[in-house]
Amino acid sequence: MPPTSVILLYDRPWLSRLCDGDPPLAVLSHDQMLFQFGHESLRKGFDVYIEATHETLRPEPLLKVKRFFPTLKITPITPEQRSAIKPTFVGCTYPVSLHLRRQYPEARVIGFLPAMNIFEYPERPTAGWAFGFMESARSQIDTYVTQNDRMAEIGRCLFRYVARTELRDRILVCPLGIIDEQIQTLPPREDVRTEMGLAADDIAFINAGGPWSWTDYNTFLRAFCNVVRGGVTNIKFTVLGFKQPENPEHEDSVNETKAIIAANKDLVGKNL
């Protein structure tokens with residue numbers, strides 16, 4: 001009997017930067033879901049592979065993964081070896097998948113839905129996209145996995161009204177959780193506060209993600225600046241970054257964030 005095998009389809013441009021010996025580059029939660037699914041598959045003794053959805057993403061389109069965390073252990077697979085692999089499971093992070101059943105006729109196809117941000121802009125879900133989503137839900141993807149009950153309910157509504165099909169029993173909830181191999185020993189809390197320049201009564205806010213428009217980030221940033229100008233000076237807001245260089249999305253939101261900071265530049269270094 002052939003071994004249970006899992007192929008994770010990767011459609012991100014930063015696939016080329018997955019290197020043996022480096023930590024897995026999880027730029028988005030989409031990637032983290034794939035890596036954690038692969039990690040658990042390895043723990044169960046399955047064979048796990050990462051496959052590029054297009055040859056331009058990486059010279060070696062298929063990689064065998066022997067370890068995900070804390071660092072990758074990967075080796076390229078030759079075309080001859082690829083032809084012998086018959087995956088049991090195939091995982092992907094894009095909901096419009098029109099050729100998976102043809103390419104992997106015997107596999108159980110799993111679609112990860114970590115976010116529904118495709119509906120952030122009205123022009124995104126075009127008629128062509130809706131048709132592809134409907135076809136994928138009906139005949140290409142067997143099971144969907146999302147991070148929490150709220151996302152699962154959004155998914156059920158989406159499938160009911162866009163795909164015109166009921167998928168309640170095919171949407172599973174699987175929180176991301178924490179990988180044991182990624183747990184690090186943290187320095188004492190007071191040492192961190194001292195390094196950040198915080199006084200004993202200072203309250204710190206830290207934004208660890210990007211200023212995506214669906215988080216209403218800029219509303220908080222404006223409110224924070226207004227509160228500081230209203231006399232509450234013991235609060236600090238740390239902005240860790242804006243967006244990845246590879247991410248073409250959210251330009252309007254990011255530019256708005258930068259404009260708010262520029263308008264409050266006298267707070268930079270003090271409260272920002």
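Two strands are taken to pair if DSSP finds at least two bridges between them. Strands (E, at least two residues) and helices (H or I, at least four) are DSSP runs numbered from the N terminus. By these criteria, strand 1 (residues 5-10) is joined by 6 bridges to strand 2 (residues 47-52), and the two run parallel.

The model is predicted: local features need pLDDT of at least 70, side-chain atom pairs count only at pLDDT 80 or more, and totals for chains, interfaces and linings use all residues. Residues are numbered from 1 along each chain as its sequence is written, and side-chain values use heavy atoms, with hydrogens and water left out.

**Overall composition**

The chain has 8 helices and 10 strands. Of its 272 residues, 40% are buried, where buried means under 20% relative accessible area, exposed means over 50%, and partly exposed lies in between (1.4 Å probe, protein chains only). A contact requires heavy atoms within 4.5 Å. Among contacts in the chain between residues at least 6 apart in sequence, 68% join residues at least 24 apart.

Eight strands form an open sheet in the order 4-3-2-1-5-6-7-8, with mixed pairing. Strand 4 (73-76) and strand 8 (171-173) stand at the edges; each has a single partner strand, so one side of each is left without a neighbour in the sheet. From one strand to the next, the twist averages 25 degrees. In general, strands of a sheet pair through backbone hydrogen bonds, either parallel or antiparallel.

| Strand pair | Bridges | Direction |
|---|---|---|
| Strand 1 and strand 2 | 6 bridges | parallel |
| Strand 1 and strand 5 | 3 bridges | parallel |
| Strand 5 and strand 6 | 4 bridges | parallel |
| Strand 3 and strand 4 | 4 bridges | antiparallel |

Strand 1 is mostly covered, with 6 of its 6 residues buried. S5, I7 and L9 point one way from the strand, whereas V6, L8 and Y10 point the other way, and all are buried. On the side of strand 2, the bridge partner of L9 is E51. In strand 5 (residues 89-92), F89 is the bridge partner of V6, and V90 stands opposite I7. V90 also stands opposite V109 in strand 6.

The loop between strand 3 and strand 4 contains P70. A cis peptide bond joins F69 and P70, with omega at about 0 degrees.

Helix 5 (residues 149-161) packs on the sheet and touches strand 7 (143-146) and strand 8; its direction makes about 170 degrees with that of strand 8. For such angles, axes are lines fitted to C-alpha atoms, for helices over the stretch in contact, and values run from 0 to 180 degrees between N-to-C directions.

**Buried helix residues**

F133 is found in helix 4 (residues 127-140) and is buried, with a relative accessible area of 0%. F133 and F159 are 26 residues apart in sequence, and their C-alpha atoms are 8.5 Å apart in space.

T257 lies in helix 8 (residues 251-263). T257 is also buried, with a relative accessible area of 0%. Leaving aside neighbours within four places in sequence, T257 is in contact with P211, Y217, N218, L221 and F242.

**The second largest pocket**

Pockets are identified on a 1 Å grid over the protein atoms alone: a pocket is an open set of points with protein on both sides within 12 Å along at least five of seven lines, whereas a cavity is a set where a 1.4 Å probe fits but cannot get out; lining residues have an atom within 4 Å of a point. Grid points are joined across faces, edges and corners, and a volume is the space filled by probe spheres set on the points.

The second largest pocket has a volume of about 490 Å³. Of its 25 lining residues, the closest to its centre are Q36, F37, E40, F112 and C174. Helix 1 (29-43), strand 6 (108-112) and strand 7 each supply at least two residues of the lining, and helix 1 gives the most, with 7 residues. By class, the lining has 14 nonpolar, 5 polar and 6 charged residues. Here Ala, Val, Leu, Ile, Met, Phe, Trp, Tyr, Cys and Pro count as nonpolar, Asp, Glu, Lys and Arg as charged, and the others, Gly among them, as polar.
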